[in-house]
Amino acid sequence: PISRQGSRLNLAMANPLDLGTLDELNFRTELDIVPWVSTPSEIVAAIRYHYLGAAATANHALCKILIVEDKEKVRKTVTRALQEEGYQLVQARDGEEGLNAVLRHSPHLIITETVMPGMDGCEMFKTLRNNLDTRGIPVVGFSSKASKNEEINLLKMGFADFLPKPLNLELLIARVGRVLDLVYPE
């Protein structure tokens with residue numbers, strides 16, 4: 001079950017057209033069964049709530065984030081901070097490696113330095129937006145050369161958010177959660 005509202009049971013199903021199963025469950029439970037095609041996070045939250053007795057909370061373990069940064073120390077620091085929050089992390093050293101990682105790992109969110117040698121974060125972003133399979137992935141940019149104009153330009157380009165360097169990890173974590181909640185409300 002996803003949820004129960006009075007005599008109505010919202011049920012996650014792989015095949016919501018399986019009328020035999022719906023009729024059997026209706027007969028056995030005397031509830032009105034409403035089939036739902038559900039996301040993995042909805043199913044995990046429902047299992048935690050209905051079977052494990054835990055509160056249905058957002059499951060960060062289902063969210064995969066790609067961090068694209070040429071400076072190893074920054075990349076590892078951001079990776080460690082987000083892993084402590086329960087996110088799955090993938091790392092790349094530049095935009096080209098980041099594009100390959102996007103295709104291999106299908107992240108829910110990308111965090112990228114906008115100024116890097118080789119393919120930078122802005123070029124990577126433009127390439128992602130030109131591909132039907134990747135254009136919907138939210139991207140958060142950050143830069144040590146941050147200025148008000150750069151932030152405005154990146155937000156106008158379609159970046160989900162922007163942070164100046166040096167990064168405030170608490171602010172980064174809060175903004176990552178906000179972007180994920182906005183893009184994946186379930």
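This passage walks through a predicted model of a protein chain, from its overall make-up to a few individual residues. Local features are reported at pLDDT of at least 70 and side-chain atom pairs only at pLDDT 80 or more, while totals for chains, interfaces and linings use all residues. Residues are numbered from 1 along each chain as its sequence is written, and side-chain values use heavy atoms, with hydrogens and water left out.

To start with the overall picture, the protein chain holds seven helices and eight strands. Of the 186 residues in the chain, 38% are buried; here buried means under 20% relative accessible area, exposed means over 50%, and partly exposed lies in between (1.4 Å probe, protein chains only). The chain exposes about 10,800 Å², and carbon and sulfur atoms supply 53% of that area. Accessible areas come from the Shrake-Rupley method with a 1.4 Å probe, and for residues only the protein chains shown count as cover. As for contacts (heavy atoms within 4.5 Å), residues 24 or more positions apart account for 58% of those with a separation of 6 or more.

Helix α5 comes next. This helix spans residues 121–129, and its buried residues are G121, C122, M124, F125, L128 and R129. They sit on the same side of α5, because they cover an arc of only 160° around the axis, the arc being that of the directions from the helix axis to the C-beta atoms. The cover over these buried residues includes the strands β4 (64–68), β6 (109–113) and β7 (139–143), along with the helices α4 (95–105) and α6 (148–157). At the start of α5, a side-chain oxygen of D120 comes to within 3.0 Å of the backbone nitrogen of C122.

The helices α4 and α5 pack with their axes 9 Å apart, at an angle of about 35°. Axes are lines fitted to C-alpha atoms, for helices over the stretch in contact, and angles run from 0 to 180 degrees between N-to-C directions. On the α4 side the contact is made by G95, G98, L99 and V102, and on the α5 side by M124, T127 and L128.

Two buried strand residues have polar side-chain partners. N10 belongs to strand β2 (residues 8–12) and counts as buried because its relative accessibility is 1%. Polar contacts join its side chain to those of Q5, at 3.5 Å, and R8, at 3.2 Å. A polar contact is a pair of N or O atoms within 3.5 Å; within protein, one must be able to donate a hydrogen and the other to accept it, and residues adjacent in sequence count only if both atoms are side-chain atoms. Setting aside residues up to four places away in sequence, N10 touches P1, I2, S3, Q5, V34 and W36. D161, in strand β8 (residues 161–164), is buried too, with a relative accessible area of 8%. The side chain of D161 makes a polar contact of 3.2 Å with the side chain of R175. Beyond its neighbours within four places in sequence, D161 is in contact with V139, V140, G141, L155, R175, R178 and V179.

Most residues other than glycine have a negative phi, and most peptide bonds are trans. E30, in the loop between α1 (19–29) and β3 (32–36), has a positive phi near 60° and is exposed at 69% relative accessibility. S106, in the loop between α4 and β6, also has a positive phi, of about 45°, and is exposed at 52%. The peptide bond from K165 to P166 is cis, with omega near 0°, and P166 is found in the loop between β8 and α7 (169–183).

E85 lies between α3 (72–84) and β5 (88–92) and is partly exposed at 37% relative accessibility. From C-alpha to C-alpha, E85 and I173 are 8.0 Å apart in space, though 88 residues apart in sequence. R93, in the loop between β5 and α4, is exposed at 51%. Not counting residues up to four places away in sequence, R93 touches E69, D70, R75 and M116.

Conventions. Helices (H or I, at least four residues) and strands (E, at least two) are DSSP runs, numbered from the N terminus.
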